[in-house]
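Look at the structure first.

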Amino acid sequence: MDGRLIIRNERVETGTKIVSENPATLAPVGEVSVASRELCAEAVRAAKDAFPVWRWLDPREKRAIFKRAENIMARRASEAARLIAMEKGSPYPESLAVEVFGALQSLNYYGQNQGRLLRSGRAGHHAPLFFHKSGAFHFHPLGPTLIISPWNFPFLIPVCDILSALTAGNTVVLRPSTSTPLTALLVGEIFAEAGLPPGVLNVVVCRVPEAEAMIVDRGIQSVMFTGSVGTGRRIARLCSENLTNVTLELGGKDPMIVLEDADLERAARGAVWTAFMNCGQSCGSIERAYVAREVAEPFLARVVELAREVRVGDPLDDGVDMGPMATAGQLKVVEEHIADARAKGAKILVGGGRVDGRPGYFIEPTVLVDVDHGMRCMTEETFGPTLPIMTFDGDEQAVALANDSDYGLTASVWTRDKRRAAWFAERLEAGSVTINDHMYSFVEPRAIWGGIKQTGMGRSHGPFGLHELVNIKYVGMDFLGKKSQTWWFPYDRSLSGIMEKAITLFHGAGRADKLRAAWGLKSEIRRLNDTSPLLNYVLALPRMLKK
Ligand code: NAD
């Protein structure tokens, strides 16, 4: 990767560079051009110019472009996974399985469904006065979309967001994290090679002030932001300036609840993988586990065994399960959370410190017990390889503990009992609840992603995600040819009489009153007939007669 930006499918080099660093070795991965304010504005202009081209492109051509992108991504899969491993630090097999394979699944789904996911649909009428009209919902793209993405899934998150935006008919400016810019530029290269029309996807690496200038650029119609809560709030405030459409996918503090009837082997393996994969730097990591007191001992014992087996090392080496943290700043947060828990009485069963003899941001997978909600590791997002575990007594207490959080991204329940699973799913405050698994739904393109409370606003992925990125337009039609409508001018005693009787007819309780009202309407038959078809009233008879 040569670190040049992508605007209108052209590779652009600038005089200012940043260095992308390998968090395992602290060696440079490569240099990347940084876009000036003018260049960022040019990227927005490019997306604006390309909008009509992309919006009206035949879905069959879009399908062909997506298919080519899928094939190119598959061909360049190893290159992508190596780059992710080098820039972010996740082991090569994990980068391949989670980021590249996950992205390919989504690319395949959206590719196959170009022109199908946002089909116009008939809207029926409930109000009898409108029975003769037709109504439909249409989905129209909003225009250039600014995607601001984090470093923790530098390939998967931009790809999924790009696919949603493009499928909605929008064009894109991608502004990736400056910690993982090369991976994002590879994404741009793949789409350019697939023949996406120039300007439909532009990738600009820039500093925060320039990113903010793009948010308030009138050319941007929608912002898709993934990142921390603090930045999300700032982005929301900036979007309020032009009332720009915004979706916010922010932090998480996902709970796992292990019931006494759970398959403990599966639950323990699930806990260890989901807490430590990606070095714990997933918004949907298991950040706290609650286990039923009856099975706490065997569950903990197995978790400890498995956590000790997690092999930490260079992400490009064979036989490594966990690489380093991606940034020095994130490593510091994790250390602070462990220190805070220790100081307040938590016991560390596994890990707790840095990995000796390595230059990078390595920290051990860490299991903590004797924790409570007075500790930062149970309430704030740690975003690192820690697994604090608490016991609970009874289902109600498990729900209360899980819901005692500012976040609400996903939650999981581990049980063999479908009925209990449904009970928990109903009560957990989260955007998604999964049973006997955790976090996989991010890479299921037909599911949704997103959360409640401080986790953000809106949903991404799947058909509901697309609804966030379009103008859902109602189109109503009336070709009956009547010269007026019942409720139009003139306002007179006749209209008042009609409305008083109609209110009794449709919404009153007594049958006798309804019959009287219906009989009274006969004097208004002319106005009714002149303004709406009498058939509307006939069709509404069952509703009128209902008490
Ligand atoms: P961050 O908020 O620091 O940065 C996210 C992106 O925003 C980066 O590209 C950053 O450069 C940019 N940015 C920062 N300040 C900005 C500003 N004022 N204007 C415009 N852009 C700005 O987050 P991060 O550390 O990169 O990512 C980790 C966070 O992301 C965690 O909190 C994690 O939970 C969250 N996350 C959430 C999801 C989700 O789907 N809910 C997914 C992945 C990560």
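The notes below cover pockets, then sheets, then single residues.

This is a predicted model, in which local features need pLDDT of at least 70, side-chain atom pairs count only at pLDDT 80 or more, and totals for chains, interfaces and linings use all residues. Residues are numbered from 1 along each chain as its sequence is written, and side-chain values use heavy atoms, with hydrogens and water left out.

**Largest pocket**

- The largest pocket holds about 630 Å³ of space. A pocket is an open set of points on a 1 Å grid over the protein atoms alone, where a 1.4 Å probe fits, with protein on both sides within 12 Å along at least five of seven lines. Its volume is the space filled by probe spheres set on the points, which are joined across faces, edges and corners.
- The lining counts 32 residues, and Phe 225, Thr 226, Gly 227, Ser 228 and Thr 231 lie nearest the centre. Lining residues have an atom within 4 Å of a point.
- Helix H7 (208–215), strand E10 (222–226), helix H8 (229–242) and helix H11 (328–343) each supply at least two lining residues. Helices (H or I, at least four residues) and strands (E, at least two) are DSSP runs, numbered from the N terminus.
- H7 provides the largest share, four residues.
- By class, this lining has 15 nonpolar, 12 polar and five charged residues. Ala, Val, Leu, Ile, Met, Phe, Trp, Tyr, Cys and Pro count as nonpolar; Asp, Glu, Lys and Arg count as charged; the others, Gly among them, count as polar.

**Second largest pocket**

- The second largest pocket has about 400 Å³ of space.
- It is lined by 21 residues, and Arg 55, Lys 62, Phe 139, Pro 141 and Ala 168 are the closest to its centre.
- Helix H1 (37–56), helix H2 (59–75), strand E6 (134–141) and helix H5 (156–167) give two or more residues each.
- E6 gives the most, with four residues.
- The classes here are 10 nonpolar, seven polar and four charged.

**Three-stranded sheet**

- E6 also belongs to an open antiparallel sheet of three strands, in the order E5-E6-E22. Two strands pair if DSSP finds at least two bridges between them.
- Strand E5 (121–122) and strand E22 (470–477) are the edges, and each pairs on one side only.
- E6 and E22 pair over eight bridges in the antiparallel sense.
- Pro 141 has Val 470 in E22 as its bridge partner.

**Seven-stranded sheet**

- Seven strands form an open, mixed sheet in the order E14-E15-E16-E13-E12-E18-E19.
- Its edge strands are E14 (347–350) and E19 (432–435).
- Neighbouring strands are turned by 25° against each other on average, direction ignored. Here axes are lines fitted to C-alpha atoms.
- E15 (residues 366–369) and E16 (residues 386–392) pair in the parallel sense over three bridges. Val 367 stands opposite Leu 387 in E16.

**Cysteines and Lys 344**

- The whole structure has zero disulfides, a disulfide being a pair of cysteine sulfur atoms within 2.5 Å.
- For Cys 239, the nearest cysteine sulfur is that of Cys 206, 15 Å away.
- Cys 239 is buried at 1% relative accessible area, and Cys 283 is buried at 13%. Buried means under 20%, exposed over 50%, and partly exposed in between, with a 1.4 Å probe and protein chains only.
- Lys 344 sits in the loop between H11 and E14. Lys 344 is partly exposed, at 43%.
- Lys 344 and Ser 179 are 165 residues apart along the chain, and their C-alpha atoms are separated by 33 Å.

Note on methods: Axes are lines fitted to C-alpha atoms, for helices over the stretch in contact, and angles run from 0 to 180 degrees between N-to-C directions.
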